[in-house]
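Please keep the structure open as you read.

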Amino acid sequence: MPTTFFGWVGFLAGKYGPLFLRGTGTTLAVALSGTVLGFLLGLLVAIGRTIPLGPRAKWWKRVPVKILNGVLGVYIEVFRGTPMIVQAMVIYYGALQYLGLDMPRFVAAIFIVSINTGAYMAEIVRGGIISIDRGQTEAARSIGMTHWQTMTSVVLPQAIRNIMPSIGNEFVVNIKDSSVLNVISVTELYFQAKSATGTYYKYFEVFFIVALIYLALTFTVTRLLRFIERKMDGPENYTIHGSQSDSRAAIPVRKED
Amino acid sequence: MKRLIPLLLALALVMGVASAEVLRVGMECNYAPFNWTQTEPSDEALPIEGGGYADGYDVRIAKKIADQLGYDIEIVKTEWDGLIMSLVSGKIDAIIAGMSPTDERKLTIDFSDPYYESDLVIVVRKDSAYAAATSLEDFSGAKITAQLNTFHYTVIDQIPGVQLQTAMDTFPTMIVALSAGAIDGYVSERPGAESAVATNPNLTYVSFADGSGFEADPADTTIAVGVAKGSELTAKINEALAAISEDERVEIMAAALAAQPSAE
């Protein structure tokens, strides 16, 4: 048996390394798919929530839009306003007990993280949408684009770039918060760590290792997202082809120092 | 996503159909020596779905029960807070996780007969005068504590003239406090004390002969199998447990203590 702190750290890392790695894989899989699906869900919800109603909109358009708005509002409030650990228990165990629906735990885990993230993402995306100048929406509508076209071709490409830092936040939060899923028997990283502590009664040593793994995960993810952001920004130097007076014009744009 | 949900649910339904001849047993797999997770397979250990192998007193008892019932066994590693919900909703068939049959838990689930009875001991430093104690009276004047929100703490008053200390959150904190000399001892159940002593060679524990130790409610000191309310498994499990003699239980616990990873 080791005698020093780092002796124990090395011993436990060697002994439980494979389990920690497997837990890391589960954590990453749940966080990644939960964030991506949650983002798509959030996009749809935000698009639904920003359908404009002109003052002359007919009742048959006004009523469904209001209902949709209400339903989506309730969804956001409920899933943002209750802890994920509660949602996990209610959805996973409640579905079986009251609806007879027996979900495999991994599917349930991704479903829960997605639907929880979706509620946050909906508000983040809505923030992104309203950050784009109204003039652009008006211009798009005036050339005959529908709400969907305006969103997908004009507003969202800019809005998504603007909310990338917030999406990164959500991803990082999901990597850490997926640890509550151990109440539905998902053996992610934190649960594997608790197993090691419960076997050897060595808490600080185990959590030192696990903290390092979490840090490595979140650090890598934030770097990756920054890389994607830069890609979305496009090259710093570019050329505009064609001008109002000459279709063959080529105007080079250089980065300002 | 919206179209995906019914698809996922349908998939869940197809994959989740449980077969009848398997006893699904819930435990934390992080409560040595009752149940723990290890990385290598062994003769006694059972595989866990999320990775690793489960072994311990609970696992060995669970195997004996399943053998008696003629069932296959599956270990479902679940966090402590999720165990009772798992059982009530039918994700597992039994909780064999070092769980005491308290009155509060009995409101929600049924329990089998006890399959383990623990006694309370006091963990002390090897070099202290209390290491030689044999009765509660010997601890008069000692600074004693126990884990927060457990019956371990409430029984300390039974020591005459004790200097009761503030309850502490976890066993590792108490071990640190004890090693540092901030307290003279803490109350623990015997298996937990054995585990603590195994990894902390400067500690030992004092046990008491019948009648000279702590008195506690059997609902706290015994451990039983949790089953769903009104389940027909209860009678079958009791029958299986009755076939395991007291001596055999002591042997199984000794073997589990010797096999736990920290005992190497």
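This is a predicted model: local features need pLDDT of at least 70, side-chain atom pairs count only at pLDDT 80 or more; totals for chains, interfaces and linings use all residues.

1. The contact between chains. On chain A, 35 residues are in contact with 40 residues of chain B. Helices α1 (5–49), α3 (84–99), α4 (105–131) and α7 (189–200) of chain A each supply at least two residues of the side that touches chain B. Of these, α1(A) gives the most, with nine residues. By class, this side of chain A has 22 nonpolar, eight polar and five charged residues.

2. A lysine in chain A. Is K66(A) buried or exposed? K66(A) is exposed, because 12 other C-beta atoms lie within 10 Å and a residue with 12 or fewer counts as exposed. K66(A) sits in helix α2 (residues 59–81) of chain A. L53(A) is 13 residues from K66(A) in sequence and 9.3 Å from it in space, C-alpha to C-alpha.

3. The open sheet of chain B. Five strands of chain B form it, in the order β10-β9-β11-β8-β12, with mixed pairing. The edges are β10 (163–164) and β12 of chain B. Each has a single partner strand, so one side of each is left without a neighbour in the sheet. Helix α6(B) packs on the sheet and touches β8, β9 (143–145), β11 and β12 of chain B. The direction of α6(B) makes about 145° with that of β11(B).

4. The β8–β12 pair. β8(B) and β12(B) pair in the antiparallel sense over four bridges. Opposite R125(B) stands L203(B), in β12(B).

5. Helix α7 of chain B. Seven of the 10 residues of α7(B) (residues 190–199) are buried, so the helix is largely enclosed by the rest of the structure. Among the buried residues are P191(B), G192(B) and E194(B). The buried residues pack against β8 (120–125), α6 (171–180), β11 (185–189), β12 (203–206) and α10 (246–259) of chain B. α7(B) lies across β8, β11 and β12 of chain B, at about 120° to β11(B).

6. Strand β13 of chain B. Why is β13(B) described as largely enclosed? Five of the six residues of β13(B) (residues 222–227) are buried, so the rest of the structure largely encloses this strand. Strand β6 (residues 94–95) of chain B runs antiparallel to β13(B), joined by two bridges. A94(B) has V227(B) as its bridge partner there. Strand β7 (residues 110–117) of chain B is also antiparallel to β13(B), joined by five bridges. E117(B) stands opposite T222(B) in β13(B).

Technical notes: Residues are numbered from 1 along each chain as its sequence is written. Chains are lettered from A and ligands numbered from 1 in the order in which they are written. Two residues are in contact if their C-beta atoms, placed from the backbone, lie within 7 Å. Ala, Val, Leu, Ile, Met, Phe, Trp, Tyr, Cys and Pro count as nonpolar, Asp, Glu, Lys and Arg as charged, and the others, Gly among them, as polar. A residue is buried if 20 or more other C-beta atoms lie within 10 Å of its own, exposed if 12 or fewer, and partly exposed in between; C-beta atoms are placed from the backbone. Two strands pair if DSSP finds at least two bridges between them. Axes are lines fitted to C-alpha atoms, for helices over the stretch in contact, and angles run from 0 to 180 degrees between N-to-C directions.
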